[in-house]
Amino acid sequence: MIRAFQVSDGRGAALQDETIWHRFGQDLRGVILGQLSSRELIKTLRRDLLAKPGPRAHEIQTRVEFDNVVSDRYTVIDIRATIAWDSCT
């Protein structure tokens, strides 16, 4: 069960922009309800993201960490990775 998650801006900072989270919620609802194709959504977002400069893949190292110290009840899993957009087409 996922209790909480954080999405970063590609530079390691948490996304806190309410506009982006609102759009995320709308998109997620649309995919879950079958009103929006996840494949088409990814293609659209990919075009938008590629239009903006971002970190290069070699700048972000994939990392998975498990932490049983920060919570008495849950294991916290911190995953940092680069999305391979070419595999989303």
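**Exercise 1.** How many residues apart are Asp-27 and Arg-23 in helix α1?

*Solution.* The model is predicted: local features need pLDDT of at least 70 and side-chain atom pairs count only at pLDDT 80 or more, while totals for chains, interfaces and linings use all residues. Residues are numbered from 1 along each chain as its sequence is written, and side-chain values use heavy atoms, with hydrogens and water left out.

Step 1. Helix α1 covers residues 18-32 (helices are DSSP runs of H or I, at least four residues, strands runs of E, at least two, numbered from the N terminus).

Step 2. Asp-27 and Arg-23 are four residues apart there, so about one helical turn separates them.

Step 3. The two form a salt bridge, with closest N and O atoms 3.2 Å apart (a side-chain nitrogen of Lys or Arg within 4 Å of a carboxyl oxygen of Asp or Glu).

Step 4. Asp-27 is buried at 13% relative accessibility, whereas Arg-23 is partly exposed at 41% (buried is under 20% relative accessible area, exposed over 50%, partly exposed in between, with a 1.4 Å probe and protein chains only).

**Exercise 2.** Determine which residues salt bridges join into one network with Arg-63.

*Solution.*

Step 1. Glu-65 forms a salt bridge with Arg-63, the closest N and O atoms being 2.8 Å apart.

Step 2. Asp-78 also meets Arg-63 in a salt bridge, at 2.9 Å from N to O.

Step 3. Asp-78 lies in strand β2 and Arg-63 in strand β1, so this pair ties together parts 15 residues apart in sequence.

Step 4. Through shared partners, Arg-63, Glu-65 and Asp-78 form one network.
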